[in-house]
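Hello,

Here is the structure I promised to pass on to you. Please have a look at it first, and then read my notes below.

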Amino acid sequence: MSVTACPGCTTAPVSGPAGGRGAAQMDVPTHHLLLPGIHCAGCISAVESTLLKQPDINAARVNLTKRRVSIASEPGLDPTPWIAALSRAGFEAYEAGALEERQGDDLILPLGVAGFAMMNVMLLSVAVWSGAVDSTRDLFHWISAAIALPATAFAAQPFFRHAWSALRVGRLNMDVPISLAIILACGMSVYEVMHGGAHAWFDAALALTFFLLIGRVLDQRLRRRARSAADDLAALEPARVTRIEGEDKISRPIAEIAVGDRLWITAGARVPVDAVLEDAETTVDCSFLTGESDPVTRTEGEPLHAGEVVLAGPVALRATAVGEDTTLRRIAQLVATAEVSRGHFRSLADRAAAVYTPAVHIISAGAFLGWLVATGDVRMALNVAIATLIITCPCALGLAVPAVAVAATSQLYRRGLLLTSDTALERLAGVDMVVFDKTGTLTERRLTVPPALSTEARSVLRALSEASDHPLCRGVAAGLQDVSPAPLTNIREEMGEGVRATWLNSLVFLGRRTPADAIVVLRIDDEETGLPAVETLVPSAKDAVARLRALGLKTAMLTGDTAENAERMAQEAGIDRVWSGERAEAKLDIIEGLKAEGERVLMVGDGLNDHAAISAADVSIAPGSALDATRNAADIIIVSGDMTQIPDAIRTCRLACRRMKQNFGIAAGYNSIAVPIAVLGFATPLAAAVAMSTSSITVVVNAIRGFKS
Amino acid sequence: MNILVVLVPCSLFLGLGALVAFIWTIRSKQYDDMEGDAARVLLDDD
């Protein structure tokens with residue numbers, strides 16, 4: 001196998017042919033899995049061959065662009081074993097819904113038609129410009145008309161539709177002058193051709209349509225990407241729940257769960273719906289609701305809320321509220337109002353269009369009236385007005401802004417940052433203060449292994465901690481890679497207590513010292529060693545903060561934790577300001593206060609207690625591990641949770657905004673030369689074609705410059 | 001100038017042919033996964 005395209009792919013065993021069934025065109029995919037980690041040919045091959053080894057799968061096809069795989073199998077089959085197989089092969093996978101295919105608003109076909117029509121008409125126009133006269137010129141004009149009229153009637157429809165929907169409610173938008181220019185140019189040209197005139201504007205009308213459609217296609221792509229990012233996020237939530245049906249435990253889609261169903265939740269899993277505990281006792285992590293990381297004990301009959309993580313399991317629950325009625329959804333709805341206020345953000349393009357649209361109409365109408373009064377020649381006046389309309393073509397607005405946005409978001413996407421809003425780019429570029437949540441964002445709780453522990457004890461500890469899915473155990477196991485796990489027998493995980501096993505002839509135990517105690521111990525026979533829990537910064541935090549400060553940003557920490565803890569962590573990370581002991585509502589007030597002081601605030605947080613603050617901030621970032629409600633409220637998701645992505649993202653967004661402004665400058669420069677020429681009546685179709693093409697190409701080239709990763 | 005009678009239809013025909021080919025590429029979903037198609041070239045087994 002010669003695929004060594006990506007060095008990060010050592011986990012992907014490239015084995016077996018990916019061809020055959022996998023490479024064949026998919027009939028009808030029945031399942032879709034999300035694969036956030038794939039990035040090269042080796043990944044494609046490994047994923048497809050892994051899936052094709054599964055007995056129920058007829059075909060599997062990876063889409064690298066969308067980071068998904070479509071699978072053809074029996075409808076309604078449980079994909080859990082496939083996900084497990086992919087996970088063994090080293091790929092993270094989640095069940096995802098089918099992406100909705102949107103055919104109706106696809107602009108690629110109009111773009112193609114406009115492009116081909118433009119090239120053909122331009123070919124004929126070049127002959128006219130280079131001196132064709134009389135009947136040859138008329139013939140070429142007629143052929144141009146025969147191509148241009150049907151082509152614009154088809155390809156410019158998106159502009160006509162938008163312009164009409166704005167005019168109908170008495171408003172002007174950018175599509176009104178565009179439609180006007182296209183229709184007038186075509187109409188006037190037909191009149192000119194019928195009367196043997198020298199100038200026809202067919203090529204200009206088509207070029208206008210073509211360049212602006214490119215902009216629209218890019219824009220559409222951007223919005224789709226944002227929407228599919230939102231779909232991807234929805235897929236990260238547990239889509240399946242294990243339901244106890246008689247004696248069996250069967251994995252079901254979450255939508256099928258009804259009130260009263262008995263559910264089976266393993267340790268480390270999130271409670272999917274509101275429920276009451278049926279077993280005697282368990283501990284849960286409710287940090288998403290409260291921000292407190294210490295586990296809470298629940299006994300039989302007590303409620304568990306959707307979003308809480310079961311730490312000791314497995315446990316049986318009985319569902320009490322599902323779907324929109326769960327605590328999680330209700331809280332998400334409460335803050336929905338805070339998000340509406342963000343809809344008022346006006347993007348750079350909107351603000352430019354607000355100036356541009358009336359200006360174009362006024363200049364063109366002025367040129368028409370001026371020439372009409374000066375010469376009394378309607379035809380002459382109309383020709384000048386059309387030339388003005390075409391030359392002021394909003395290419396910079398319609399093409400350059402989406403080109404920059406697509407280049408920037410693609411770069412961010414490749415680094416694992418999902419933008420869920422199309423204005424997030426500009427809002428992130430404008431921030432001057434970054435506010436972090438502490439727990440779960442900047443810090444994590446982990447158990448420390450005492451250095452005095454013997455090698456034997458360490459290998460027992462590793463084996464015990466590997467036996468459990470509890471997050472604290474996983475942390476311990478990850479820190480003990482230097483010893484090999486001891487051979488254990490009779491491993492049992494006991495709810496709310498820990499893991500017990502037999503090692504040689506000793507009884508070994510890892511877990512709470514007493515059921516009511518939060519201190520974790522390792523016990524080998526009667527010898528007990530405590531594993532103190534400490535809160536540490538996540539590895540990327542310090543670096544991220546330093547780089548944010550280097551970018552000239554103020555940093556702050558906003559936490560529900562005690563002042564002492566918060567100060568210590570802030571000092572270690574290098575953060576300037578700290579607010580501690582704040583509840584969710586107070587966090588919201590602090591963010592509002594900062595905004596009132598004129599700061600533009602970026603909030604980085606993961607929990608439900610940050611949800612209101614995230615919604616209120618100018619722009620927000622959440623790690624991929626955040627709760628779904630929080631992720632949905634955030635503008636940008638860092639899939640990997642690597643905090644150093646934040647300064648990188650801000651730099652990219654600032655570059656993007658600078659490029660957009662530069663492009664407006666370039667366009668304004670062109671217009672300041674071209675508009676006087678057009679208004680004074682010197683513009684010919686040739687001049688218009690040259691001006692339009694050069695300005696469009698310059699802004700696009702400038703847009704994509706420097707965004708390659 | 002009689003050559004135009006041949007060449008103009010010729011160029012139109014070629015242009016139209018390209019347009020039809022383009023429509024075909026859209027219909028057969030060749031723009032769905034450009035990144036993936038670029039990577040698949042490297043696999044020796046399809």
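**What I found**

Helix H12(A) is mostly covered, with 10 of its 14 residues buried (a residue is buried if 20 or more other C-beta atoms lie within 10 Å of its own, exposed if 12 or fewer and partly exposed in between, with C-beta atoms placed from the backbone). Among the buried ones are Asn383(A), Thr388(A) and Ile391(A). The helix covers residues 378-391, and at 1.5 Å a residue it should span 20 Å; its end C-alpha atoms are 20 Å apart, so the two agree. The expected span here is 1.5 Å times one less than the number of residues.

Before going further, a word on conventions. This is a predicted model, in which local features need pLDDT of at least 70 and side-chain atom pairs count only at pLDDT 80 or more, while totals for chains, interfaces and linings use all residues. Residues are numbered from 1 along each chain as its sequence is written, and chains are lettered from A and ligands numbered from 1 in the order in which they are written. Helices (H or I, at least four residues) and strands (E, at least two) are DSSP runs, numbered from the N terminus.

Next, the helix packing in chain A. The axes of H4(A) (residues 134-155) and H6(A) (residues 175-194) come within 10 Å and cross at roughly 150 degrees. That makes H4(A) roughly antiparallel to H6(A) (angles under 35 degrees count as roughly parallel, over 145 as roughly antiparallel, 65 to 115 as roughly perpendicular and the rest as oblique). Axes are lines fitted to C-alpha atoms, for helices over the stretch in contact, and angles run from 0 to 180 degrees between N-to-C directions. Residues of H4(A) that meet H6(A) include Trp142(A), Ala148(A) and Leu149(A), and their counterparts in H6(A) include Ile182(A) and Cys186(A); contact means C-beta atoms, placed from the backbone, within 7 Å.

Ala148(A) turns up again among the contacts of Val121(A), as do Phe202(A) and Leu206(A), leaving aside neighbours within four places in sequence. Val121(A) sits in helix H3 (residues 108-129) of chain A and counts as buried because it has 27 C-beta neighbours inside 10 Å. Phe202(A) is 81 residues away from Val121(A) in sequence, yet their C-alpha atoms are 7.3 Å apart.

Now the strands. E17-E18-E19-E20-E21 of chain A form, in that order, an open sheet with antiparallel pairing (two strands pair if DSSP finds at least two bridges between them). E17 (489-494) and E21 (527-531) stand at the edges with a single partner strand each, so one side of each has no neighbour in the sheet. On average, neighbouring strands of this sheet are turned by 15 degrees against each other, direction ignored. Between E18(A) and E19(A) there are six bridges, and Trp503(A) stands opposite Ser506(A) in E19(A). Helix H15 (residues 455-466) of chain A lies across E18, E19, E20 and E21, at about 60 degrees to E19(A).

There is also a hairpin of E2(A) and E3(A), with four residues between the strands; Arg67(A) in its turn has a positive phi of about 55 degrees. The two strands are antiparallel over five bridges, and Ala60(A) has Ile71(A) as its bridge partner. Four of the five residues of E2(A) are buried.

Finally, chain B has two helices and zero strands, and 4% of its 46 residues count as buried. Its C-alpha atoms fill a box of roughly 55 × 20 × 15 Å along the principal axes.

Best wishes

Terms used. Two residues are in contact if their C-beta atoms, placed from the backbone, lie within 7 Å.
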